[in-house]
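Student: Could you help me learn to read a protein model, one feature after another?

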Amino acid sequence: MAIISVRDLVVEYDGRRVLDGLNLDIEAGQITVLLGGSGSGKSTLLRQILGLEHPKSGSISIKGTDITTCSQADLKTIRRSVGVAFQSAALFNSLSLEDNVALTLREHTALAPSVIDLIVWLKLAVVGLADFGTLHPQELSGGMKKRAAVARALALDPEILVLDEPSAGLDPIVAAELDQLILFLKKTFQITALVVTHELESAFCIADRIAMLFDGRLLAVGTKDEIRANQHPRVRQFLDRVPANPVHTPALAAYLERYVQSQEAKP
Amino acid sequence: MTNLFEIAGKETLSQLDYVGSLNIQLWATLRGMRAALPLVGNRHRWRAAVHQMLEIGVDALPMIALMATCSGFILAMQGASELRRFGALHFVIDLVAVGFTRELGPLLTAIAVSGRSGSSFAAEIGTMKVTEEIDALKVMAFEPVEFVLAPKYLAALVAVPCLSIVAAFFGILAGGLFMFFSTHLGLLLYLRYVLTSIELRDVVAAMIKSLAFATIIAHVGCLEGLRVRGGPEAVGRSTTSAVVRSTFMVIVADAIFTTIFYFAGKT
């Protein structure tokens, strides 16, 4: 059953169409990877699903509630069941890791401080940061920040976990560790995960289903094997890493030669 | 010619948009202010407001005291050099007392707070925008207005009038020291003259101005931060813009209030 359902979604910025009649179902208990190149509309779709922007038309239902038309109170209720780890981690720099994770627990629950401390320790332990709770975000490495963001996203035991470019800018070992963490979370907590990435290796490692975006449209949706076997030229180009605008070296060399000659010809 | 009208129209619309945004933000913050109040509100917001009060108020005390003392001396000396020629040196007391209570106390404070705290609000919120912390707050089911703006506004409403009183006190004290050294007028006698020259309506007018200045500084700073688009250089631009705009608007507001109080005082 689809826990997130996107229907006929159209998004425009200053008249420029970024998402064009997009339809997508994200199944409960699965890891869905949104794959696509830069400017394909991945981040825009993510911001729409998180209710951070309003579409021009179309609807987005999360657990049966249309977040494009629901009240602010309903949106807040929905948001409590969605954990988000942003690309930049977006940890609060003025707070320690413990306080970052504890923030939603302190504000949205009536749990005793000792219980909150225990939950915070557990969440940090899940991502392997139990010994670093007193540190501030600026004292952490890139990979640690990403894991801390996941710990914060898990604080309220969300049904849906959204990860924006989790392995972007990380070395292959740390990126692989994060992939293992996402798989571990799915296995342990039966969580539904939506992962936005353009890293093929990571996508094919963690995904149950892959949705591929190009120019604001979904090119293909399916399992890893279905995507691998897809023969759509754009899908093939992306998977086979074929450059769209190859640099014409001879033309560039000729241009430079002409430029040098013109400079030399000057008195 | 058409181009000139176009530019003028565009600029007018842009300024109207800015003022409209300020108004919307002001009302949203006033609605969210309850959360920052002690006893009836959220204790975390109140704690944040107290922290802001210390930053805006206590940390700025030495600077404002020094600025007011220097300005008090300058005003007394400049006034004395002219008034002495007419044998009206004692009017320096009225000049300094009324000048600082009605005008210079609130204005000096507003300019100092605008430079210190208005810029700091813009930089802090702008950085939060750039690092996606504002989006993180939204997806964590927090209201950024209530979480970020309300404590800052409440703190400014408390700190700026207090600082204005301090500025007026030090300015008047500096005038007393000048009178002591130039005419050997005793400090207690000087203070008695000061109390006879100041009326209650002067103090009320100063407090009304201070509250208006606090509103301008807090909201311009926060709005500039929230309007940041792009990277770190945009944060720098917003910080400069916050100081320039808030100082300009404080002086315009001061002119309006002074005109109103002048005509209200005549009747």
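Student: Which residue in E5(A) stands opposite A:Ile62?
Tutor: Keep in mind that this is a predicted model. To read a strand pair, look for the residues that face each other across it. Here A:Thr65 in E5(A) is opposite A:Ile62. Strands E4 and E5 of chain A run antiparallel and are joined by two bridges.

Student: How do I read a whole sheet, and in what order do the six strands of the open sheet in chain A lie?
Tutor: In chain A the order is E6-E7-E8-E3-E9-E10, and the pairing is mixed. At the edges are E6 and E10 (217-222), each pairing on one side only. Direction ignored, neighbouring strands are turned by 15° against each other on average.

Student: Do E3(A) and E8(A) run parallel or antiparallel?
Tutor: Parallel: five bridges join E3 (residues 31-36) to E8 (residues 192-197) in chain A. One place to look is A:Leu35, whose bridge partner in E8(A) is A:Thr197. Helix H5 (residues 142-153) of chain A packs on this sheet, where H5 touches E6 and E7. The direction of H5(A) makes about 165° with that of E6(A).

Student: Now the core. Which residues touch the most other members of the largest nonpolar core?
Tutor: This core has 139 residues, and those touching the most other members include A:Val33, A:Val195 and B:Ile217. Helix H6 (residues 144-183) of chain B gives the most to the core, with 20 residues. Take A:Val195 as a case: leaving out residues up to four places away in sequence, its contacts are A:Ile31, A:Val33, A:Leu163, A:Pro166, A:Ile182 and A:Ile206.

Student: And how many residues of chain A are in contact with chain B?
Tutor: To read an interface, take each side in turn. Here 15 residues of chain A are in contact with 10 residues of chain B. On the chain A side, H2 (72-79), E6 (82-85) and H3 (97-108) each give two or more residues. H3(A) gives the most to that side, with four residues. By class, the chain A side has seven nonpolar, three polar and five charged residues.

Definitions and conventions. Residues numbered from 1 in each chain as written. Chains lettered and ligands numbered in written order. Predicted model: local features only at pLDDT ≥ 70, side-chain atom pairs only at ≥ 80, totals over all residues. Pairing = 2+ DSSP bridges. Core = buried A, V, L, I, M, F, W, Y, C linked by C-beta atoms within 7 Å. Buried ≥ 20, exposed ≤ 12 C-beta atoms within 10 Å, placed from the backbone. Contact = placed C-beta atoms within 7 Å. Nonpolar A, V, L, I, M, F, W, Y, C, P; charged D, E, K, R; others polar. Axes fitted to C-alpha atoms, helices over the stretch in contact; angles between N-to-C directions.
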